[in-house]
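Here is a walk through one protein chain, from a single residue to the overall fold. Keep the sequence and the model in view as you read.

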Amino acid sequence: MNYKIDLHVHSNTNPHAFSTIEENVNFACENGMEVIAITNHGPALLDTPHWWQLLNIKILPEYIKGVRVLKGVEANIIGENGEIDINQAIYKNLDIVLCGFHGCPEYHKNQSIEKNTKAAINIIKSQKIDILVHPGNKEFPIDFEKVIKIAKENNVAIEINNSSLSGTREGSEIRCREVAKIAKKYGCYLTVNTDSHYCRLIGKTDLAMKIVEEIEYPEELIINSSVERLNNFLELRKKLRVKEIFDDYIEKRFKY
Ligand SMILES: [Zn+2]
Ligand SMILES: [Zn+2]
């Protein structure tokens, strides 16, 4: 079974994705999706446009063709102490903040598990993010036990990413299963998303759902398993999220 809510969808404002927001919405609408979140990459990833793109997502209506469109981002961890590659102007308008490790000039892959674990723990504790995406990525090894325990304590959701399992991130099957098992042990919020970079992939989470179903993950903890659960999670996160993030990466990178 696939859920009708996909909280990790890219549009072609990042050139390695291939569909417009309109194409994403059309496919979502035709396939009975209730909610999608547009979550383009933060500007530390090299394949991104000027940061105004993320800023201007606020012009989207809440519903398009009956599909609720959440305004989001997939931001990057760019340091060990909770640093993120968006600024307050972007942050304050977002419905949902995804964040994770991606190879970028500020944070390279294949670093020590100690460094990555510290970085993941600190971004979660900062309360700037709602979802830690694809934590099973072996290019950024983390101590799953330590990170997921902190995620539970801070009400941050952990993602099982279908794209990782369909070949994007090698070795993900074993690692994502491990992530899901540990998350279940701690009673952590979980989310199952496509990370779609092409409209026709939206909502198709078969490989991730297989893991979640096999380990019998409690559905009440899966934030995108129903609109009610999603709304409850977003309400909770609205209260917990910091009001000011004070990050200056964008101001340093983009000279006006
Ligand atoms: Zn990603
Ligand atoms: Zn993504």
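Is glutamate 153 buried or exposed, and why? Glutamate 153 is exposed because 12 other C-beta atoms lie within 10 Å. The cut-offs: buried means 20 or more other C-beta atoms within 10 Å of a residue's own, exposed means 12 or fewer, and partly exposed is in between, with C-beta atoms placed from the backbone. Glutamate 153 sits in helix H5, residues 144-153. Helices (H or I, at least four residues) and strands (E, at least two) are DSSP runs, numbered from the N terminus.

This is a predicted model: local features need pLDDT of at least 70, side-chain atom pairs count only at pLDDT 80 or more, and totals for chains, interfaces and linings use all residues. Residues are numbered from 1 along each chain as its sequence is written, while chains are lettered from A and ligands numbered from 1 in the order in which they are written.

Now turn to helix H9. Its buried residues are Leu230, Phe233 and Arg237. Seen down the axis of H9, they fall within an arc of 65° (taken from the directions from the helix axis to the C-beta atoms), so they line one face. They pack against strands E1 (5-9), E2 (35-41) and E7 (157-161). On the other side of H9, Glu228, Asn231, Glu235, Lys238 and Lys239 are exposed.

Last, the whole chain. The protein chain has 10 helices and 8 strands. Of its 256 residues, 53% count as buried. The C-alpha trace spans about 50 × 45 × 35 Å along its principal axes.

Notes:
Two residues are in contact if their C-beta atoms, placed from the backbone, lie within 7 Å.
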